[in-house]
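This report covers helix packing, a sheet and a chain contact.

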Amino acid sequence: MQVKSRVAGGVLYVLLCGELDEHSATYTRITLDEIFDKPNFKKIIFDLSELSFMDSTGIGVLIGRYKRMKDKDIPIFITNPSTHAEKIFKMTGLYDIMPKIV
Amino acid sequence: MKYSNFMEVTFKALSVNEGFARVCVASFCVQLNPSVDEITDIKTAVSEAVTNCVVHAYPTSVKGDVILRCELEGDLVTITVTDKGVGIKDIEKAREPFYTSKPSAERSGMGFTVMESFMDDVQVLSNSFGTCVKMTKRIQANENEKVG
């Protein structure tokens, strides 16, 4: 798993590259929290175009980040999910808290 | 006669083996000529079952075995993921969507729900000597001829 990020126009773009499962969850969680701690953005967009695999452990990681940012009033959005990730998001209702944007 | 084949691997209940388990089953199932969606469904279900073994089966630092078996009978894939861990106290509750015995660990509690959604059938057997998750999925006929 690789996490790449950049801030542009008050938006934090996070690119998740690789496989998000139990093995990569801790690293992903810690890395994202480090990035999220920098207060130079008002919105977060997760770009999942490079995410090759995700299971329900990944959902747990995303929900955990949502809870952290909710306290700061910073919304999170999802873009470019694979068909597979989309299936899991719809099943778990993740889009209700992290809407998909095109 | 129906096409028939099986494979079985045993590995330690470590998260580093999750990717191996997924790829192992996916590679084996390729002989049935499944679609990409079907393979991804199977990989995800295997990942969920193995994650349960890694996270829940062996609560002490001494990690035991996970036995992963995949059987092919005609177009039917049967996968069993077995551990020799502490078992699941309440299987019905464990299978409920969003239920997790470890809420503080940011777990979604959707493991069994994902398995049930991505496979045709999921059975769970568990006692204090271990847990066995048996999942089946029928591969739909594809245009290309199947191996065997």
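H1(B) passes H2(B) in a right-handed crossing, a crossing being right-handed if the near helix is turned clockwise from the far one by less than a right angle, and left-handed if anticlockwise. This is a predicted model, in which local features need pLDDT of at least 70, side-chain atom pairs count only at pLDDT 80 or more, and totals for chains, interfaces and linings use all residues. Residues are numbered from 1 along each chain as its sequence is written, with chains lettered from A and ligands numbered from 1 in the order in which they are written.

The axes of helix H1 (residues 17-29) and helix H2 (residues 36-57) of chain B come within 9 Å and cross at roughly 145 degrees; axes are lines fitted to C-alpha atoms, for helices over the stretch in contact, with angles from 0 to 180 degrees between N-to-C directions. Among the residues that meet are B:Val25 in H1(B) and B:Val46 in H2(B).

Chain B has an open sheet of 5 strands in the order S1-S2-S3-S5-S4, with antiparallel pairing (pairing requires at least two DSSP bridges between two strands). S1 (4-12) and S4 (121-127) of chain B stand at the edges, each with a single partner strand, so one side of each lacks a neighbour in the sheet. S1(B) pairs with S2(B) (residues 65-73) over 9 bridges, and B:Ser4 stands opposite B:Glu73.

In the chain contact, 17 residues of chain A touch 20 residues of chain B (C-beta atoms, placed from the backbone, within 7 Å).

| Class, side of chain A | Count |
|---|---|
| Nonpolar | 6 residues |
| Polar | 7 residues |

Terms used:
Contact = placed C-beta atoms within 7 Å. Nonpolar A, V, L, I, M, F, W, Y, C, P; charged D, E, K, R; others polar. Helix = DSSP H or I, 4+ residues; strand = E, 2+ residues; numbered from the N terminus.
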